[in-house]
Amino acid sequence: MNSLIVNGNSLPNIPWEDRPASSNPERELMWRYSGNPIIPRNLTTHSNSIFNSAVVPFKGAFAGVFRCDDTARHMDIHAGRSRDGINWEIGDKPIQFIKTDPALPDSDYKYDPRVIFIEDRYYIIWCNGYHGPNLGIGYTYDFEKFHQMENALMPYNRNGALFPRKIGKNYAMFSRPSDSGHTPFGDIFYSESPDLIYWGKHRHVMAPSGGWQSTKVGAGPCPIETSEGWLLFYHGVLTSCNGFVYSFSAALLDIDQPWKVIARANPYIICPKEIYELAGDVPNVTFPCAALIDQDTNKIAIYYGCADTVTGLVFGKVDEIVDWIKKNRM
Ligand code: BMA
């Protein structure tokens, strides 16, 4: 075991299950929660599906922003609360954002949120419908009142993930420029902003490579600061004869210049394998959007969307994951 330092929080109540005896660590770096999926598709009155959602520690318990597509298949985000991070109460109504500027355009839809605490509040970044997919940004202090800011970049873009702190003088994020449809390409880019409104200093981070990540790649949960660099979980897509397959893995990025890749794993960590990942509204999708960490024990719990229908939880140890990336780098 190395002496990895994770710059996060103590989270003794992190949702957790030890690796089961049936799980071979050589085959499975991370293991699924035995009660998966934790969030069923019909948890709210009008939901068709609840997936690709973001969770953070909040006041000794947990809060989150959830992608709920309704039974008209409209995509929106809802606030939720949980005492244990596993059993959730999610609002029946989508979040009604207060516009920070009355002239801010309405959202046609909202999906795939990520949530991160920066300085004094929780920021949400999501895929926001404005003449196609775009990145919306907002914030909340209490998961009751939410404020919507300007869209971050021009269409088309998805998979925004904000850094938990400034890089040098600026806020930072990853994003994935795309097209208006089911984009058959996609690289991860890095951008900076002095105020979370105006974005620039765009840098290329990662392109698709082979195998499970040969069609496109996109940032998953917001990056995690460690003494070995930024730990980024990201999804990768391959195009099979039966359509897209979404798996995920991880990479380590330079702490001061996060567009520079230190090591990137060649194998996936999680690929669609269980029935709730293989079957659903979009088969063969495992799509991570949030990670909880206990820096004292290196425990990590990742929330991921399963087959665009339900939400699952997978566990691991950050120090083991960092070692594994270095050993299995491409
Ligand atoms: C992407 C997004 C995700 C979704 C994935 C698989 O383009 O729409 O929300 O999980 O496709 O359908």
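This is a predicted model: local features need pLDDT of at least 70, side-chain atom pairs count only at pLDDT 80 or more; totals for chains, interfaces and linings use all residues.
User: Which residues are around the ligand, and how are they divided by class?

Analyst: Around the ligand are Asn52, Arg67, Tyr111, Asp112, Tyr246, Val282, Val285, Phe287 and Asp308, and by class this shell holds five nonpolar, one polar and three charged residues.

User: How do you know that Arg67 and Asp69 form a salt bridge, and why are both called buried?

Analyst: Their side chains meet at 3.0 Å, N to O, and because the cut-off for a salt bridge is 4 Å, the pair qualifies. Arg67 has a relative accessibility of 7% and Asp69 one of 5%, and because buried means under 20%, both residues are called buried.

User: Why is Lys201 called partly exposed, whereas Glu192 is called buried?

Analyst: The relative accessible area of Lys201 is 40%, which is between the limits of 20% and 50%, and therefore Lys201 counts as partly exposed. Glu192 has 5%, which is under 20%, so Glu192 counts as buried. The side chains of these two residues, Lys201 and Glu192, meet in a salt bridge at 3.6 Å, N to O.

User: What makes the pair of Glu277 and Arg32 a link between distant parts of the chain?

Analyst: The side chains of Glu277 and Arg32 meet in a salt bridge at 2.8 Å, N to O. Glu277 belongs to helix α1 (residues 275-278) and Arg32 to strand β1 (residues 31-32), and the two are 245 residues apart. Both Glu277 and Arg32 are buried.

User: How do you know that strands β20 and β21 pair?

Analyst: Eight bridges join β20 to strand β21 (residues 299-306), and the strands run antiparallel; because at least two bridges are needed, β20 and β21 count as paired. Ala291 stands opposite Ile302 in β21. Strand β20 (residues 286-294) is mostly covered, with eight of its nine residues buried.

Methods: Residues are numbered from 1 along each chain as its sequence is written. Side-chain values use heavy atoms; hydrogens and water are left out. Helices (H or I, at least four residues) and strands (E, at least two) are DSSP runs, numbered from the N terminus. Buried means under 20% relative accessible area, exposed over 50%, partly exposed in between (1.4 Å probe, protein chains only). A residue is near a molecule or strand if one of its heavy atoms lies within 4 Å of it. Ala, Val, Leu, Ile, Met, Phe, Trp, Tyr, Cys and Pro count as nonpolar, Asp, Glu, Lys and Arg as charged, and the others, Gly among them, as polar.
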